[in-house]
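Trainee: I would like to go through the aromatic contacts with you, and to hear the reasoning behind each label.

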Amino acid sequence: MMIHKASYFSKLTLGAASAALVIAGTLAACNNEQKPADKPAATTTTTGTTAAPAKETIVYINQDTLLAKYDYVKDMGDRLQKKGKAAQGDVDSRKQAIQREIVEYQKNAATMSADQRAATEQRLQKKAQEMQGYEQNATAAFQNSQADENDKLFNKVSDYVKKYAKEKGYKMILSYSRLNPTVLYGDQSLDVTADVLKGLNEEYKKK
């Protein structure tokens, strides 16, 4: 009798920009609380022509860069990796203990009565089933930890970007990612990633 169960934790590849940390949509549509109908007033030049507003009201952030360089994301990845390793170590230890019992039973099976063999096999089978349930629960607990961390990340970025948009007078901040290209093209002058990233990291260090 053998115990086979594919481990969820062994398949994890956690890093600073892990796909598990996806925050697509966090940065979209941060309004500066102006009414939708409001528009920046145009100015009239000395030649009588109407000039475009000097300040842009829509900018964008490179989400890939943000995830790669935001210190909070790096620390979050480290926390999840430690939790994953600890959970995996606990599951592996329990599996090994059951496997040792199985090996011991196989060595002594020939000297045991039929009733003893049946009782031992039933007990070991029950332990194996319980082990499967324990591993499933451990996997679910780890996934919940991931979800909680992602929620915290979403809230941190979202709250900061809303505040940033209001301070700068932007009516909308879009996000760009190679995996989720909501912005197909944007002039480099509209990229505020570096400014937002600097503010996020400074705020994180303070806290």
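Trainee: Why is Tyr 164 called buried?

Mentor: Bear in mind that this is a predicted model. Tyr 164 has a relative accessible area of 3%, and since buried means under 20%, the label follows.

Trainee: What makes the pair of Tyr 164 and Tyr 170 tilted?

Mentor: The ring centres of Tyr 164 and Tyr 170 lie 6.0 Å apart, with the planes at 40°; pairing needs centres within 6.5 Å, and stacked needs planes under 30 degrees apart while edge-to-face needs over 60, so this pair is tilted. Tyr 170 counts as buried too, at 10% relative accessibility.

Trainee: How many aromatic pairs does a search of the whole structure find?

Mentor: The search finds five. In one of them, the rings of Tyr 70 and Tyr 204 have centres 6.4 Å apart and planes at 75°, and because an angle over 60 degrees counts as edge-to-face, that is the name the pair receives. This pair links distant parts of the chain, with Tyr 70 in the loop between α1 and α2 and Tyr 204 in helix α4, 134 residues apart. Ring pairs also join Tyr 72 with Tyr 70 and Tyr 204 in a cluster.

Trainee: Why does Tyr 204 count as partly exposed?

Mentor: Its relative accessibility is 22%, which falls between the limits of 20% and 50%, whereas Tyr 70, at 3%, is buried.

Trainee: Which charged end sits over the ring of Tyr 72?

Mentor: That of Arg 79, 5.4 Å from the ring centre, where the cut-off is within 6 Å. Likewise, Arg 94 lies over the face of Tyr 134, at 4.1 Å from the ring centre.

Conventions
Residues numbered from 1 in each chain as written. Predicted model: local features only at pLDDT ≥ 70, side-chain atom pairs only at ≥ 80, totals over all residues. Heavy atoms only, no water. Helix = DSSP H or I, 4+ residues; strand = E, 2+ residues; numbered from the N terminus. Buried < 20%, exposed > 50% of the residue type's maximum accessible area, 1.4 Å probe, protein only. Lys NZ or Arg CZ within 6 Å of the ring centre and 35° of its normal.
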